[in-house]
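Subject: Handover of a structure

Hello,

Here is the structure I said I would pass on. My notes on what was found in it follow below.

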Amino acid sequence: MAKDFVRLSKEWFDKQAPVYDETDTILYSKYGKISCKYIYDYLKDKEYKNLLDIGCGTGYLINMLSKEKDAEYVGLDLSSEMIKQANNKNIKNAKFIEGKSDELPFEDNTFDIVTCSQSFHHYPETNKPLQEALRVLRKGGLYILSDTGVGPFEIVGVKFDDFLYRCFATTGDCNVSYLKKMKKDMMQNGFEIVQAEKVTTFIYAIVGKK
Ligand SMILES: C[S@@+](CC[C@H](N)C(=O)[O-])C[C@H]1O[C@@H](n2cnc3c(N)ncnc32)[C@H](O)[C@@H]1O
């Protein structure tokens, strides 16, 4: 029977939540901090009125951004415990809600910016989350995705990781990708690519425009 990766992700992050921010290792917040910093730097000179962070975790990115820029911030995450940690930060102009990346509870054309840091590899399917991000963006809005991929190993790496995740992983990881493939997936789902680069050997970042 196919694994329920969404349930596994929720259980994994509900457990991690109380110590996520302070545990700076690969299985916890190390890569998230790198991706959030990339997104933060990218947004420094951009104008926006509102921003949605999908898979927001403990609100790490929104917390950084809200200190820099006055805007309306919304964080959405599968894990109620991650949302609790985000709410505990009492971030000005921010609200955090439970939800799933493939069923966003927002009207079409709502946000100037949508971000997604180190969450996409937990989404069992690629197209619906990309279509949902595009749907809730305003025309001209930006989707900034940063995630861990298989770096230079590309097709072979994806097949290998996919096998490991489907057979052994209990962490909800299930959708490994790489820069070239995700760029193509984003274009096929209607994004215009503005920027695409490796942040480290295994972390990539792509900015798509609606
Ligand atoms: C590695 S954490 C990253 C958290 C944060 N974005 C960061 O960079 O620090 C991945 C987050 O994605 C969330 N997540 C996983 N699958 C999800 C889904 N289908 N919809 C929404 N959130 C999801 C998890 O609950 C978790 O909080």
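Residues are numbered from 1 along each chain, in the order its sequence is written. The model is predicted, and local features need pLDDT of at least 70 and side-chain atom pairs count only at pLDDT 80 or more, while totals for chains, interfaces and linings use all residues.

Overall layout

The protein chain has seven helices and seven strands. Helices (H or I, at least four residues) and strands (E, at least two) are DSSP runs, numbered from the N terminus. Along the sequence their pattern is α-α-β-α-β-α-β-β-α-β-α-α-β-β. The radius of gyration of the protein chain is 16 Å, close to the 17 Å that the globule rule gives for 210 residues, so the chain is as compact as a globular protein of that length. That radius is taken over C-alpha atoms, and the globule rule is 2.2 Å times the number of residues to the power 0.38. Taken along the principal axes, the C-alpha atoms fill a box of roughly 45 × 35 × 30 Å.

Of the 210 residues, 41% count as buried. A residue is buried if 20 or more other C-beta atoms lie within 10 Å of its own, exposed if 12 or fewer, and partly exposed in between, with C-beta atoms placed from the backbone. Among contacts between residues at least 6 apart in sequence, 67% join residues at least 24 apart. Two residues are in contact if their C-beta atoms, placed from the backbone, lie within 7 Å.

Core

The largest nonpolar core has 49 residues, and Leu52, Val114 and Tyr143 have the most contacts inside it. Such a core is a set of buried Ala, Val, Leu, Ile, Met, Phe, Trp, Tyr and Cys residues joined through C-beta atoms within 7 Å. Strand β5 (residues 137-148) gives the largest share of this core, five residues. Leaving aside neighbours within four places in sequence, valine 114 is in contact with Leu52, Ile54, Ala133, Val136, Leu137, Gly141 and Tyr143.

In helix α5 (residues 127-136), the buried residues are Pro129, Leu130, Ala133 and Val136. Seen down the axis of α5, they fall within an arc of 140°, so they line one face of the helix. The arc is that of the directions from the helix axis to the C-beta atoms. Their cover includes β1 (50-54), β4 (111-117), β5 and α7 (179-188).

In α4, the buried residues are Met82, Ile83, Gln85 and Ala86. Here the arc is 160°, so these residues also line one face of their helix. The face turned away from the buried side carries the exposed residues Ser80 and Asn88. What covers the buried residues of α4 includes α1, β2 (72-77) and β3.

Aspartate 14 lies in helix α1. Why is aspartate 14 classed as partly exposed? Because 16 other C-beta atoms lie within 10 Å of aspartate 14. Setting aside neighbours within four places in sequence, aspartate 14 is in contact with Ser79, Ser80 and Glu81. Aspartate 14 and isoleucine 83 are 69 residues apart in sequence and 9.3 Å apart in space, C-alpha to C-alpha.

Loops

Asparagine 93 is in the loop between α4 (80-88) and β3 (94-98). Its phi is positive, about 60°, although asparagine 93 is not a glycine. Asparagine 109, in the loop between β3 and β4, likewise has a positive phi, of about 55°. Asparagine 109 is exposed, with 12 other C-beta atoms within 10 Å.

Ligand shell

There are 22 residues around the ligand, of which Gly32, Gly55, Gly57, Ser117 and Ser119 come nearest. A residue counts as near a molecule or strand if its C-beta atom, placed from the backbone, lies within 6 Å of it. The shell divides into eight nonpolar, 12 polar and two charged residues. In this count Ala, Val, Leu, Ile, Met, Phe, Trp, Tyr, Cys and Pro are nonpolar, Asp, Glu, Lys and Arg are charged, and the others, Gly among them, are polar. Helices α1 (5-16) and α2 (30-43) each supply at least two residues of the shell.

Regards
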